[in-house]
Amino acid sequence: MDTSAAPSSDPSAVTPTGTAPTRDTSSGSFLSRRRALAIGLGGAAGLAVAAPAWAVTDQRPGSTRPPSLHASDRLVASRVSAWRALGHLRVLTERIGPRIGGTASERTAADYLADVLDDLGYRTTLQPFAVADKFLAQLSSRPGLPSDLNWQVGASPHAALDTRVSGRVVDVKAGTPADYPQDVTGKIVLVDYVAAQREALVATAVAKGAAAVVFLPADLVEPRRASAFAPTLPGSATSPVPIPVVGVAQAQKHRLRERLAARPFTLTVSTSAHQGLTSHNVLAERSPRRHASTSPVVMVSAHYDTVIGAPGANDDGSGTVLCLELARVLRSLPTDATIRFGLWGSEEQGLIGSRYHVAQLPQAERDRIVAVYQNDMVATSWDPATRYWLLSFDGLANRATNEVAAAATRLGYDPRISPVTLRGSSDHQSFQEVGIASANFSWRGEESPALLEPPYHSPEDTIEKNVSVERLQVSLELIGCAAYATARNP
């Protein structure tokens with residue numbers, strides 16, 4: 001336990017009164033009183049997961065031997081707490097939910113993250129950048145739909161938006177005229193999605209008088225499961241379809257069909273267009289007392305946005321709360337480098353936030369960065385995800401991969417660590433593209449970093465279904481020890 005006298009970052013106490021540190025924005029800086037978020041923060045006490053229970057000198061679960069830690073490692077390993085981090089994860093996934101780039105939900109998350117980092121004493125910056133429009137929908141029913149899934153889905157930009165319709169549900173399966181019952185006027189039809197036939201399927205539903213179309217994706221090969229999606233209807237771009245057209249995830253599809261098989265029910269579909277959007281990176285740093293403006297920089301990062309319908313507990317709420325917990329621990333430890341945290345917006349749309357950030361850095365600022373520790377999906381509870389992957393965009397080792405591998409050896413985890421492996425597709429790529437040492441760290445399947453858990457990018461990416469507190473604790477220790485070793489000797 002960290003017994004220092006610095007302000008608490010416990011998620012049950014992140015809205016104290018008082019004055020926050022200066023927060024910068026792209027248009028200047030301002031001094032403001034801390035905002036009280038309009039969400040109830042309950043901490044981790046209500047979570048149905050067990051806290052890890054090992055002392056700093058104990059052999060960790062899954063390791064091959066007891067740790068052999070440096071004194072500086074003990075300062076980190078004795079203080080980091082996955083249980084504390086889970087309190088923040090509960091806010092992100094249960095109070096806020098899916099955090100779609102540029103929408104109000106992502107901004108609520110950005111404000112929450114910035115407030116936590118403000119409270120910890122970091123100089124915090126919200127870095128805005130423009131992103132594409134988003135088209136979303138929400139499904140609801142009375143009695144309610146199963147509460148263990150999120151029911152946000154994608155809405156077609158070429159169909160009715162900013163509208164709400166309700167109707168009895170009918171499953172027309174393949175959606176041919178012969179599949180329809182005699183009367184579907186005013187009803188909401190479930191239709192199997194076939195990309196090459198999507199416009200014809202919608203046209204048939206409109207001609208039959210349906211109130212809305214709910215496209216159901218084909219099941220993917222396990223462990224993959226289809227995500228929610230916003231169906232495009234290019235032929236309707238100039239003359240929008242007059243009814244809502246939405247795309248659900250595989251897990252939602254099966255629940256809808258199971259519910260309908262049990263008894264008839266009424267579904268409500270609410271669509272919304274989110275346009276003229278601005279996403280944000282959340283940046284926070286603490287500099288050493290000497291040479292603050294020129295000191296080397298060690299960065300720990302993650303993305304906090306999600307795909308449509310996904311609460312994003314593991315992808316990438318886990319990496320985000322790892323950053324918050326390391327920010328709490330590292331704030332009070334002496335370093336010779338600036339510690340910087342980067343929480344990226346709109347990663348899921350193509351690394352937009354991190355690429356924007358890197359593009360804005362002058363070369364002199366790029367040269368200051370010693371290593372970037374990107375954390376993306378660091379806590380899955382999926383049993384086959386037994387390997388901790390060191391993923392490099394160019395496939396080569398660098399300061400970040402070397403330090404994590406060394407920390408793994410000291411913690412007794414080196415047999416579970418992959419060799420440095422070629423893979424992009426996360427925000428480390430944005431840094432490596434311009435020559436900055438960076439890597440992505442993640443728990444994945446033993447055979448390949450492409451072997452991801454079934455809840456990936458789905459409404460099932462929740463704390464209860466897809467988070468291991470034990471793996472989160474190990475990730476905190478690996479990244480914390482590595483980043484602190486770098487910051488002590490940049």
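**Cysteines, helices and a buried arginine in a predicted model**

The structure contains zero disulfides, a disulfide being a pair of cysteine sulfur atoms within 2.5 Å. The model is predicted, so local features need pLDDT of at least 70 and side-chain atom pairs count only at pLDDT 80 or more, while totals for chains, interfaces and linings use all residues. Residues are numbered from 1 along each chain as its sequence is written, and side-chain values use heavy atoms, with hydrogens and water left out.

Cys-323 is buried, at a relative accessible area of 1%; buried denotes under 20% relative accessible area, exposed over 50% and partly exposed in between, with a 1.4 Å probe and protein chains only. Cys-481 is likewise buried, at 1%.

Helices (H or I, at least four residues) and strands (E, at least two) are DSSP runs numbered from the N terminus. Helix H3 spans residues 104–119 and reaches 22 Å from its first C-alpha to its last, close to the expected 22 Å, which is 1.5 Å times one less than its number of residues. Of the 16 residues in H3, 13 are buried. Gly-121, which follows H3, has a positive phi near 95°.

Arg-328 belongs to helix H6 (residues 313–330) and is buried at 3% relative accessibility. The Arg-328 side chain reaches the backbone oxygen of Arg-79 at 2.8 Å.

In helix H7 (residues 352–360), the buried residues include Gly-353, Ser-354, His-357 and Val-358. Viewed down the H7 axis, the buried residues fall within an arc of 130°, so they line one face of the helix; the arc is that of the directions from the helix axis to the C-beta atoms.

Key. A polar contact is a pair of N or O atoms within 3.5 Å; within protein, one must be able to donate a hydrogen and the other to accept it, and residues adjacent in sequence count only if both atoms are side-chain atoms.
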